[in-house]
Amino acid sequence: MAEIRGKCTFPGGAHPPENKQFGENCPVEVATVPKQVSILLSQHIGAPCEPLVAKREAVTVGQVIGQSDAFVSAPIHSPINGTVKDIALLPHPVIGRTMGIIIDADAENNTPKQPVNARFDKDFNPTDFTPEKICMSVRQAGLVGMGGAGFPTQVKIEPNPRLEKKVLIINGCECEPFITCDYRVMLEWVWQVIAGIRLAAHAAGVNKIRIGIEDNKPEAIKIVSDTIEQLGNIGDIQVVPLKTKYPQGGERQLIKSILGKTVPTGSIPPTIGVCVLNVATCAAIAEAVIVGNPLTHRIVTVSGCAISKPGNYYVPIGMRVEDLIEYCGGLTETAAKVIMGGPMMGFAIADLSTPLTKTSGALTFLTKAAVTRAKYEKQVTACIRCGRCLTACPEHLNPTKIAHAVKYNKLDLAKDYYLSACMECGCCSFVCPANIEITGYIKTGKILDARAKKRLG
Amino acid sequence: MLSKITVSPAPHISQDLSTRGVMGDVIIALVPAIAAAVWFFRFQAVWVIATCVLSCMASEWICNIIRKKPNSLGDLSAILTGLILAFSLPPTIPLWAAAIGSAFAIVIAKMLFGGLGCNVFNPAMAARAFMAASLGALMTTWTVPATMGEVHCKGQEANALAAIHAENTYDGSNGEIALTQATPLAWAKSAQKGKADVQLVNQMVKPTFYGGVGGCLGETSVLALLIGGVYLLIRKTISFHIPAAVLIAAAAFVGIFYLISPDKYANPAFHLFSGGMLICAFFIATDPVTAPLSVKGMWIFGVGVGALVMLIRLIGELPEGVMYAVLIMNALTPLIDRACKLMPAGGKPNVS
């Protein structure tokens, strides 16, 4: 494989060890149906869903079980045939506890759902579907950004007369260490991904498409470029190899790298006419629009030294972490940390009954040694103002100043240094020689700020 | 299945770097200069350096006990302070004075301000200022390097050194005989006043580069300091901004004087190589605790240090100005930091 060098990049960032070797070469494997799943009512940004089913009600695969009338929201569906056991407070990986629906699987009537990538090939014309139909299907399928943020996809791609979209950027960076699910999607489901991209572009009324892939995935760059070439003349669509650097896959950094444009602080990409979609989301769009399947399954990377059988698994959304661990052969003796997501931005979970959500792209299992080395061996020392966090911050902030302002309860000072502009990528904590939890303080500051605002009314 | 899982905020991995590592790197970078000091001043250097380092470590240890804080000797910053202070002292300094100065550096200039990361002034420079104010002549007596006789210079450089030798005095007041000499910078000062030939001063560039002229322990060899500085830059322990700003500003400042009146002022190369200029540019001004955080701030800080050093050297009454230049800019650092507040990549947010 000829080496591909991505030149496009953004200022700042860090180079955490990639650690992609665990799942890089593992083809997507369909996991067995768990005995029970927990579907959280809030898996996205926006209004949580209201349950549409009652206790002991029978549900079937793909049935809508939760919905909300709010514009920014996404319905949820049952991934299995079974009966509703309970609607209760369940552990949520990010926001603590939230309501969810527990479904007991029907013991006889359940076969694992297979991916639909085989149904896509060269002969496909996105203009067979009207933009309205695409947006409607995407909404009904409950699609949200599968890269992590979980913003409802329909809201993103729907044409907005006030903010015209000019460019569609497809995020295939996967800059987080350990995670390989998007890489496998690009390799194995490339036709489905391209179909989804074209549908999204058609729905959004965008002609210019750029697919950003980091140059540490030359095979993905090659296969996506080749596929586009085979399709011939389908408009202004290009693969852009990007420099491997964290957080290249951050929305704002990706736009900077590919278009050279900066999204204004506190704004979203549509304000400069850009729409960003993750490759897995594109694959889900194709499935939703063409096959009519709702978002009930996704690929999850199971990775790290502390799991017996790492790989990329096609699992029902709502499967519990403990069930997936069991399916993957269990944890090793040295396991010390379970992270929903990657090691840079993921959330360490305490309760293994936490279910997977639409945005959980990975489970990372770190060993005691890795955790100790990163967190405890080096004790937290005082900030020596070395300025490494300033250099690493991709948003050009002063992380140490904000963190210490929060630490000493000076929220006004923290806001004065643009607390809210932080996207919590974790570069500052990663590079800090004093081992200060800079990102942790900034997150705390944001929560305190939100509380203060709420109190003021 | 598993008894304990750890929960903590992201990120869950971190770079293999610690404060100890950063300080250790600077100490490694100082090794060539330590070797040069020992080579040129023999046991005098060993005793002074050892006294300063041990006194700093002891002071820090005692302070931590009194403050009921965990022992912080492991971060190596006390050793570094001791080394820098030793390097800015004359080799003849009595060891009791070196010990008191070191204790001042740690106790007054560092620990009373809150310890590592909280001090406003560079501890070593603050201590040196205290010693210069209270010890008088002890701080300005310069011995001839032990290797003086071994420095083989040819032609005009030899003339220059010979001229300095002629100034050397035998001081026998205590019954001890110490060979003392004027430093190149003192020499430049007298040239400025018309008491010496500036040509001879300019010819001292080469001996100052390799070392072997009188001066503070760490200042004699430009070569050793450059090796250390380059090491720090390669290791990315320091960024190039402050050293570049200091040296460019100083060179520009003295360059103007030199162009106007070359028969009165020594050339820029002499001024960059002599005295504490290089140790200041690479090791003292770059002390992250007392320097600004932002790149723009670093440039302002560095230019300020470089210009102040030359201002003191050329216009002031003192032959050397590194110490005051650094202390003045240290005092201005919080203001510089405030003035150079970073703007987020996406500009000022519309809503607060």
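Start by colouring chain A by its domain assignment, whose bounds come from an automatic or database source: domain 1 covers 29–113 + 296–371, domain 2 covers 115–291 and domain 3 covers 388–456. This is a predicted model, in which local features need pLDDT of at least 70, side-chain atom pairs count only at pLDDT 80 or more, and totals for chains, interfaces and linings use all residues. Residues are numbered from 1 along each chain as its sequence is written, while chains are lettered from A and ligands numbered from 1 in the order in which they are written.

Next, select domains 2 and 3 of chain A. Their centres, taken over C-alpha atoms, are 31 Å apart. Seven residues of domain 2 of chain A are in contact (C-beta atoms, placed from the backbone, within 7 Å) with seven residues of domain 3 of chain A.

Now zoom in on strand 5 of chain A, residues 64–67. Strands here are DSSP runs of E, at least two residues, numbered from the N terminus, and helices are runs of H or I, at least four. Two strands pair if DSSP finds at least two bridges between them. Strand 3 (residues 50–51) of chain A runs antiparallel to strand 5 of chain A, joined by two bridges; look for A:Pro51 opposite A:Gly66. Strand 6 (residues 76–77) of chain A also pairs with strand 5 of chain A in the antiparallel sense, over two bridges, and A:Val64 stands opposite A:His77.

Finally, switch to chain B, with its 14 helices and two strands. There, 37 residues of chain B are in contact with 51 residues of chain A.

Terms used:
Two residues are in contact if their C-beta atoms, placed from the backbone, lie within 7 Å.
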